[in-house]
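Student: Please walk me through this structure. I want each label set against its cut-off.

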Amino acid sequence: MTRVLVVEDEPPLVRALTINLQARAYEVDAASDGTTALRLAAERRPDVVVLDLGLPDTDGIEVIKALRGWTRVPVVVLSARCTTHEKVEAFEAGADDYITKPFDMAELLARLRAAVRRNTRDGAGGVLPADESPSLTVTTADFTVDLAAKKVRRDGRPVRLTPTEWHLLEILVRTPGRLISQRQLLEEVWGTTFATRTNYLRVYMAQLRRKLEKDPSRPRYLITEPGMGYRFEG
């Protein structure tokens, strides 16, 4: 069974999340503050963490940073904070996904499934080995993607990506040469209710190409397979 650690200080929301998760055969642990969350993460070794940023004893960003010191467990932020700056801060600290309150339960559950799938597929679960560097870098002739730090550099200069742009790029560069279907990208980035919104992909892929490709009209790295999906060629 998949184990979820819910870090949230609003009891009604904790109850709602617990009921919905347990109904879908998840095991659930709950923490109402950052200190308890870190203790439970170490003791219970969850498969995914749902984390509110507004905790009574510490900021959720600090919890993410503390987790990233020893584990790759997926962290899905669930927060009322909705500015781009706050989202970027969470991603840069090591969050894997970000959902703003109020939220749709079906979308949250889909995002959790996607986070667990990616973690399992990438073989990235569990504790970081003591002798392993946390950095994983994808390097091309024109830009570099640091997957651990969630940063991109082009010609030696940082490239600012939105959380959605980063999420798309991360999925593609983790599996170079592999075709990722439009539906899979839409479900993993936006949720199952957006599985047919292919216009979203066209807009965001165009933005990524403008930021990373030398000639966005003739992309070398972010390749479209018409009617099927996208792939990254390193």
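**Labels and their cut-offs**

Tutor: Start with Arg45, found in the loop between helix 2 (34-44) and strand 3 (48-51). Helices (H or I, at least four residues) and strands (E, at least two) are DSSP runs, numbered from the N terminus. The model is predicted: local features need pLDDT of at least 70, side-chain atom pairs count only at pLDDT 80 or more, and totals for chains, interfaces and linings use all residues. Residues are numbered from 1 along each chain as its sequence is written, and side-chain values use heavy atoms, leaving out hydrogens and water.

Student: Why is Arg45 called partly exposed?

Tutor: Its relative accessible area is 49%. Buried means under 20%, exposed means over 50%, and partly exposed lies in between (1.4 Å probe, protein chains only). The value for Arg45 is therefore in the partly exposed range.

Student: What is the phi of Arg45?

Tutor: About 50°, a positive value, although Arg45 is not a glycine. Asp155 is another non-glycine residue with positive phi, near 55°. Asp155 sits in the loop between strand 8 (151-154) and strand 9 (157-159).

Student: What makes His167 count as buried?

Tutor: Its relative accessible area is 2%, so His167 falls under the buried limit. His167 is in helix 6. Leaving aside neighbours within four places in sequence, His167 is in contact (heavy atoms within 4.5 Å) with Asp96, Asp97, Arg118, Glu188 and Val189.

Student: How are two packed helices described?

Tutor: By the angle between their axes and the distance between the axes. Helix 6 (residues 163-173) and helix 8 (residues 198-212) pack at about 85°, with axes 10 Å apart. The axes are lines fitted to C-alpha atoms over the stretch in contact, and angles run from 0 to 180 degrees between N-to-C directions.

Student: Why are helix 6 and helix 8 called roughly perpendicular?

Tutor: Under 35 degrees counts as roughly parallel, over 145 as roughly antiparallel, 65 to 115 as roughly perpendicular and the rest as oblique. The angle is about 85°. Helix 6 and helix 8 are therefore roughly perpendicular.

Student: Which residues make the contact?

Tutor: Helix 6 gives Thr164, Glu165, Leu168, Leu169 and Leu172. Helix 8 gives Leu201, Tyr204, Met205, Gln207, Leu208, Lys211 and Leu212.

Student: How many aromatic pairs are there?

Tutor: A search of the whole structure finds 4. One of them joins Phe91 and Tyr98.

Student: Why is the pair of Phe91 and Tyr98 called tilted?

Tutor: Rings of Phe, Tyr and Trp (its six-membered ring) pair if their centres lie within 6.5 Å; planes under 30 degrees apart are stacked, over 60 edge-to-face and the rest tilted. Phe91 and Tyr98 are 6.5 Å apart centre to centre, with 35° between the planes, so the pair is tilted. Both residues are buried. Ring pairs also link Trp190, Tyr200 and Tyr204 into a cluster.

Student: How do you know that the radius of gyration agrees with a compact globule?

Tutor: The radius is taken over C-alpha atoms, and the globule rule is 2.2 Å times the number of residues to the power 0.38. For 234 residues, a compact globule would have a value near 17 Å; the chain has 18 Å, which agrees. Its C-alpha trace spans about 50 × 40 × 30 Å along the principal axes.
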